[in-house]
Amino acid sequence: MLLSVYEYVYYAFLHPMWKWMLRRLTGKCELLRITLSVPRGAQRTCNIESSLKHSKIHTLKGLLAEDNVNIDDAVANIMRIKSVSPEIHPQFGPTLRMCLCQICGYRQLISEVESTRRIQYCSENSEHEALLSQLWSKLKPDTQLTARISKQWTEIGFQGDDPMTDFRGMGLLGLQNLVFFATVYTDAARQLLSRSEHPQNGYSFAIVGINITGLAHQLLNSGHLKTHLYNVVHGQPRLEHFHQVYCYLLYEFDKFWFSQETIDIMQFNHVKQKFQKRIVQRLKDKHATLHGALTVGPSNNAASVPL
Amino acid sequence: MGLLALLRKLKSSPDRELRILLLGLDNAGKTTLLKQMASEDISHITPTQGFNIKSVQSSGFKLNVWDIGGQRKIRPYWRNYFENTDVLIYVIDSADRKRFEETGIELGDLLDEEKLMGVPVLVYANKQDLFNAAPASEIAEGLNLHGIRGRQWQIQACSAASGEGVKDGMEWVVKNIPKGKK
């Protein structure tokens, strides 16, 4: 509570005064100062975002709430309002443009991910069914699925004979995540599946996968993924980037799981929380990216960034 | 935490604590029920690997509810949670008629467990909001609940998704706490 009082006082009084003084001293607005002093990456984009958020100018603040912002118009507008001359500061326009693409894109990504999550898996939808059979054939290329409703599904870690009921609150997003992982990182996915079959310490691959979708979705909505996405995607982050983050999380979770001493499946939620804390902690460093062994392929021995 | 909330917390503790075990097949709706009891958002639920635990306040009791995953693979772990159970809640997907037999067998096994002897059992006939849900009376008959001896039991029709019937079940739970706990 104290912190929010401080924050209020700071942004209502101290920060505007400080900004006003700096503006007089340097002759540059805050946005311009950020683009000049902070190198490209999450730190810069986050600073721009914070500056817009606390701006007293309605059009600037509004950029963070509107859908389908026309980025070029917004940049031209800001340069006019802040009287930044493109001749004197040629880098300002393009830099601001990229930051706005990232900021608005992140928000669009949240709504895209959310609408995918809300689509319930439907066995009458041929696209959904095709994705499901793709998941099977990628993970189990040598085994034919004998029927759509079959105990075989438990072999890849679904709970029962129809995976449909396992997607639950993650909907189509859970399936898309799994299919992306199994398709783009097929070797890694098969490796994880076989590790998950360990008789004592194993886990249910697909179910854990769906729980990791829940984690990725949470990290996106809470804004924690900004660090990674702003550092890695120099433009608008898209669904594919979310899938990539998912793959990273699932791959790293598996490593984290087996690094725990004496473990069984009943400790899943405890271990998941521990894992989540570490990821969140790591993303607090504005230079962090979620890249590990997965991006260079699991067969490569390149050391991954430790969690 | 606000001052008022703090005072309220000081005043209402120490509650009488109860250990509630929430079991049933996978996809019966145990986690949704748990979240509904705790008045939490139910739209982001994922299949339970392992277990969830929440403390829920009800009629001056602090109910520590253990929601254990229902997947066949983890049912052998159920027994690790039997000890000191005050009330067993068993959840059934009333619309999944194909699995009535399976769920009946699991419930029968639970009722035969020595560590759960005499423990009151509440059966939630869940998913009553689905058009093809079997009514509670039909389920009670199919599972031969009337043949239960040596313990209190109750069947409660409910929809964990809408919340309907959940409260009625919880009221039964706190009314049927084993003697010595009240």
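Helices here are DSSP runs of at least four residues, and strands are runs of at least two, numbered from the N terminus. Keep in mind that this is a predicted model.

**Stop 1: chain A as a whole**

Select chain A and switch to cartoon. Chain A has 14 helices and zero strands. Turn to the C-alpha trace. Those atoms fill a box of roughly 75 × 45 × 40 Å along the principal axes.

**Stop 2: a helix pair in chain A**

Select residues 205-221 of chain A, which form helix H11. A packed pair of helices is described by an angle and a distance between axes. The crossing of H11(A) past H14(A) is right-handed.

Now show side chains. From H11(A), pick Val208(A), Asn211(A), Leu215(A), Gln218(A) and Leu219(A). They meet Phe268(A), Lys272(A), Phe275(A), Gln276(A), Ile279(A) and Val280(A) of H14(A). Colour this contact by class: seven residues are nonpolar, three polar and one charged.

**Stop 3: a salt bridge**

Side chains of opposite charge can pair when their charged atoms come close. Over all chains, the count is 26 salt bridges. For one of them, select Glu49(A) and Lys226(A). Their closest N and O atoms are 2.9 Å apart. What does the pair tie together? Glu49(A) sits in helix H3 (residues 42-53) of chain A and Lys226(A) in helix H12 (residues 226-232) of chain A, so the bridge links parts 177 residues apart in sequence.

**Stop 4: where chain B meets chain A**

Bring chain B into view. Select the contact: 18 residues come from chain B and 20 residues from chain A. The two chains bury about 1,900 Å² between them, with 52% of it on carbon and sulfur atoms. On the chain B side touching chain A, seven residues are nonpolar, nine polar and two charged.

How many salt bridges run between chain B and chain A? The count is zero. Look for polar contacts instead: nine residue pairs make them between chain B and chain A, with both residues at pLDDT 80 or more.

Methods. Residues are numbered from 1 along each chain as its sequence is written. Chains are lettered from A and ligands numbered from 1 in the order in which they are written. This is a predicted model: local features need pLDDT of at least 70, side-chain atom pairs count only at pLDDT 80 or more; totals for chains, interfaces and linings use all residues. Side-chain values use heavy atoms; hydrogens and water are left out. Contact means heavy atoms within 4.5 Å. Buried area is the accessible area (1.4 Å probe) that two parts lose on being put together, summed over both. A salt bridge is a side-chain nitrogen of Lys or Arg within 4 Å of a carboxyl oxygen of Asp or Glu. A polar contact is a pair of N or O atoms within 3.5 Å; within protein, one must be able to donate a hydrogen and the other to accept it, and residues adjacent in sequence count only if both atoms are side-chain atoms. Ala, Val, Leu, Ile, Met, Phe, Trp, Tyr, Cys and Pro count as nonpolar, Asp, Glu, Lys and Arg as charged, and the others, Gly among them, as polar. Axes are lines fitted to C-alpha atoms, for helices over the stretch in contact, and angles run from 0 to 180 degrees between N-to-C directions. A crossing is left-handed if the near helix is turned anticlockwise from the far one by less than a right angle, and right-handed if clockwise.
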